[in-house]
Amino acid sequence: MRHLHITIRFLLLWVLVVSVLPAGTTEGAAADTEGNSARVFRAGAAASNVTPPLGLPIVGGWAPMPATHVHDELYAKCIVLDDGHTRLALVIADNIGMSREVCDAAKRMIHEHAGIRPEHVMTAGTHTHSSVSDRGVNRLMREEKLGDYQTLLAMRIADGVRRAVNNLEPAQVGWGSASVPTEVFNRRYYMKPGTPTPNPFGGEDRAVMNPGRGNPNILKAAGPTDPEVAILSIRADDGRPIALLANYSLHYVGPAAGPVLSADYFGVFGDRIQQLLGADRLDPPFVGIMSNGTSGDINNINWLKRPEKRWGPYEKMRQVADVVARAVHQAHQKIEFHDWVKLAAAQEELKLAVRKPTDEQLAYARKILAKPEDAKPYHRREKVYAQRVLQLHDSPDEVSVMLQAFRIGDLGVCAIPFEVFVEIGLQVKAESPLGQTFVISHANGSYGYLPTVEQHALGGYETWLGTNKVEIEAASKIVDRLLAVLASLQ
Ligand SMILES: [Zn+2]
């Protein structure tokens, strides 16, 4: 009797303890009751519509234009993985660049409603150039209050993750890669001696971005490409595809039809891989995802040759998506699926110095802004950059950026909040302690281009003060820290 009494008291205490656990421990509590001993791996996916209202400015080009039409819907595509102990969420949204504030707001909502800890959520934009921005005026300043679309985007991301959690089911996971060298070109070139290469600061560059197709003054590409298409594939125990995430180092494709919203080739790839896998109209729906690798200096244009034809709007992106999806589909047939793998996540804040103009650069910027409107410019973007130089001068001295990595079995998935040069992704892949690794850029924030120290020395658009906003050594610091974060994922 006394024994029973103690047991009841213990049970009451247990109920009390469980009922007062904060929302943040749901993840662990679920694991304790359902997971570890049975070692059941579960996965779910969902695509949440994030198409903005017409009228918001599309920001992919130099002059933002209000959106007048939707060519195809924009989505936040979400995958949730659960090894019985750890639950991870990965979100790729059709956006040109996600601000830290929107990513953080989405993570807070996901924590509150789905119990997944913010460190276990990775959020990235695809960098489609046919979308609106969710960023404020100065990306180095934290915004206190989110705008209407920023709020909507964060909410819809959180909804997508909650839906993916609702769709969790026993699953298998596998990874691998395909090679597609034909669709990626380094867009920075050395020019023949004597070719004028002015920059907006009154000087000359050694490397030129997008120098004109078939330009006879091109000497050679100033950097490499990465032909790898990394693949993460998730299927139900009966073989039904749940989701496929690909990662390719290609900036975007275009061309679009003016100020029209579109997910670019990232969206077409998702549709095409769905068709190839025979995964149309499944229940729950299959989610095909293309994430942006390290493509800061990469695009889809072969600058060494004159164009063989003029591509109509959306034509080229369909062709590229088809080539990439076919290669992925072929490689997919050789992927080894695992019934269970261990999941882990880690992140680190890295403080970077904001790049500041020198006294001479400041004086030059003020001189440019004082020039009469009709004066002949030294460089056609000199006024834009003069303003950016002044903005950097007035910006905070440092910025804290978040580096993050997921481990899915022997696969590493890294996240960097910049438009990352391809050399950086190649280095992380080569030096990672894991069997396979890839980098998602435009992730957990958005702070402009990230060239390597060597590429900084060549100059060119991506290195210009204003396009690039952080210290010249940022890339090597980021690679060092990311490799340490990867190594910590045991
Ligand atoms: Zn871009």
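How much space lies in the second largest pocket? About 710 Å³. Keep in mind that this is a predicted model.

Let me stay with that pocket. Its lining is made up of 31 residues, and those nearest the centre are Y75, G267, G270, D271 and Q274. By type, the lining residues of the second largest pocket split into 13 nonpolar, eight polar and 10 charged. Several elements each give at least two residues to this lining: the strands β1 (42-49), β5 (75-82) and β16 (287-292), and the helices α5 (264-276) and α6 (315-332). Helix α5 has the largest share, with eight residues.

Last, strand β22, residues 436-440. Five of its five residues are buried, so the strand is largely enclosed by the rest of the structure. Q436, F438 and I440 point one way from β22, while T437 and V439 point the other way. Burial therefore applies to both sets, since all of these residues are under 20% relative accessible area. Strand β20, residues 411-415, runs parallel to β22 and is joined to it by five bridges. In β22, V439 is the bridge partner of C414.

Definitions and conventions. Residues are numbered from 1 along each chain as its sequence is written. This is a predicted model: local features need pLDDT of at least 70, side-chain atom pairs count only at pLDDT 80 or more; totals for chains, interfaces and linings use all residues. Side-chain values use heavy atoms; hydrogens and water are left out. Buried means under 20% relative accessible area, exposed over 50%, partly exposed in between (1.4 Å probe, protein chains only). Helices (H or I, at least four residues) and strands (E, at least two) are DSSP runs, numbered from the N terminus. Two strands pair if DSSP finds at least two bridges between them. On a 1 Å grid over the protein atoms alone, a cavity is a set of points where a 1.4 Å probe fits but cannot get out, and a pocket is an open set with protein on both sides within 12 Å along at least five of seven lines; lining residues have an atom within 4 Å of a point. Grid points are joined across faces, edges and corners, and a volume is the space filled by probe spheres set on the points. Ala, Val, Leu, Ile, Met, Phe, Trp, Tyr, Cys and Pro count as nonpolar, Asp, Glu, Lys and Arg as charged, and the others, Gly among them, as polar.
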